[in-house]
Amino acid sequence: AKARGRNGYRFYAPEMSGEGVARLQLETYLRRAIEKDEIFLHYQPQVEIDTGRLIGVEALVRWNHPQLGLVPPFRFIPLAEDTGFINQLGQWVLQQACRQMVRWQEAGLDVPKIAVNLSVRQFERGTIVEVVGAILRETGLAAERLQLEVTESLIMNTGDALAYINGLHAIGVSLAIDDFGTGYSSLAYLKQMPVQTLKIDRSFIKDISTDVNDEAIAIAIIQLGKSMNLSVIAEGVETDEQAAFLLRHGCNRAQGYLYSRPVAPEELLARWRAQPGT
Ligand code: C2E
Ligand code: CA
Ligand code: CA
Ligand code: CA
């Protein structure tokens, strides 16, 4: 069945046609989704825990298909990665996200930074630095306002990752390692890379006050960030307890439902333009 979501979107329910819509069908739909205006972005605030100040937003892609409803990213991002469509999609996302930053600015909201997710295949063509540079020029967004989120596996499994990351750094864009701690990454490699931010994966934050192992991992990542002079942000922060824990252990940046779900650009504007200190 299709359930009506909080925003009035219908959510894509896999039981609609057995295992869900056939992969091939989904792929066909997805290829047309951009031109049909079915793809859009939501933005999730990143905040300073102690002050509540807005320090950035993460762009998260959404696909609302007329029949299927809202298809979750975990269904279509891997598909787009397999088919190579992620290159087109990823470029579109970057463009929209950078444009939105300029629009917010024009509307009186100064968002310090926008984080955009990159997939490993976006490194494959060898043109990522040129693509990002062109989008910044075209939108007029200052490079230091853009942060690209990459995963450990992207870094470890892409032959030329270091070269591209250096190239992006050279044009002024910053890099964050997403889902940090879930992949395997060599600390020696991390040391060589011009990366500015570690994002503690939600899986370690979830049981932070009950699971001593998760606690230990979160603390270790915060310490690692400190000693390497990297900024650390926790994702998936849902409770005051989690936020207090992070603050107590020296992590003052967070993203999660405690502060806001990912929202449409107008909603972000309405909420944060009114906030002092932004
Ligand atoms: P991610 O990069 O780790 O993004 C964070 C995910 O956690 C988002 O899911 C977000 O809605 C969710 N989230 C944020 N705060 C909380 C919280 O407090 N509790 C819980 N339970 N969840 C929270 P979403 O939007 O479904 O995206 C899922 C994944 O899809 C992302 O994980 C990212 O890997 C991928 N993705 C989304 N947009 C893009 C994109 O434009 N490009 C690429 N390559 N991947 C994307
Ligand atoms: Ca991310
Ligand atoms: Ca993440
Ligand atoms: Ca994650």
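The protein exposes about 13,100 Å², of which carbon and sulfur atoms supply 49%; accessible areas come from the Shrake-Rupley method with a 1.4 Å probe, and for residues only the protein chains shown count as cover. The model is predicted, with local features requiring pLDDT of at least 70 and side-chain atom pairs counting only at pLDDT 80 or more, while totals for chains, interfaces and linings use all residues. Residues are numbered from 1 along each chain as its sequence is written, chains are lettered from A and ligands numbered from 1 in the order in which they are written, and side-chain values use heavy atoms, with hydrogens and water left out.

Of the 278 residues in the protein, 50% are buried (under 20% relative accessible area; exposed is over 50% and partly exposed in between, with a 1.4 Å probe and protein chains only). The protein carries 28 positive and 33 negative side chains, and the centres of the two sets are 5 Å apart.

The secondary structure consists of eleven helices and eleven strands (DSSP runs numbered from the N terminus, helices being H or I with at least four residues and strands E with at least two). The radius of gyration, taken over C-alpha atoms, is 19 Å, close to the 19 Å given by the globule rule for 278 residues, so the protein is as compact as a globular protein of that length. The rule is 2.2 Å times the number of residues to the power 0.38. Along the principal axes, the C-alpha atoms fill a box of roughly 50 × 40 × 40 Å. Among contacts (heavy atoms within 4.5 Å) with a separation of 6 or more, 68% are between residues 24 or more positions apart.

Gln242 is located in helix 10, which covers residues 240-248. With a relative accessible area of 5%, Gln242 is buried. A polar atom of the Gln242 side chain lies 2.7 Å from the backbone nitrogen of Glu238. Apart from neighbours within four places in sequence, Gln242 is in contact with Ile205, Lys206, Ile208, Gly236 and Val237.

Asp37 lies in the loop between helix 1 (23-33) and strand 3 (39-48) and is exposed, at 68% relative accessibility. Asn229 belongs to the loop that runs between helix 9 (212-227) and strand 10 (231-235); its relative accessibility of 72% also counts as exposed.

Technical notes. Lys, Arg positive; Asp, Glu negative; His and termini not counted. Charge placed at Lys NZ, Arg CZ, Asp CG, Glu CD. Polar contact = N/O pair within 3.5 Å; in protein donor to acceptor, adjacent residues only side chain to side chain.
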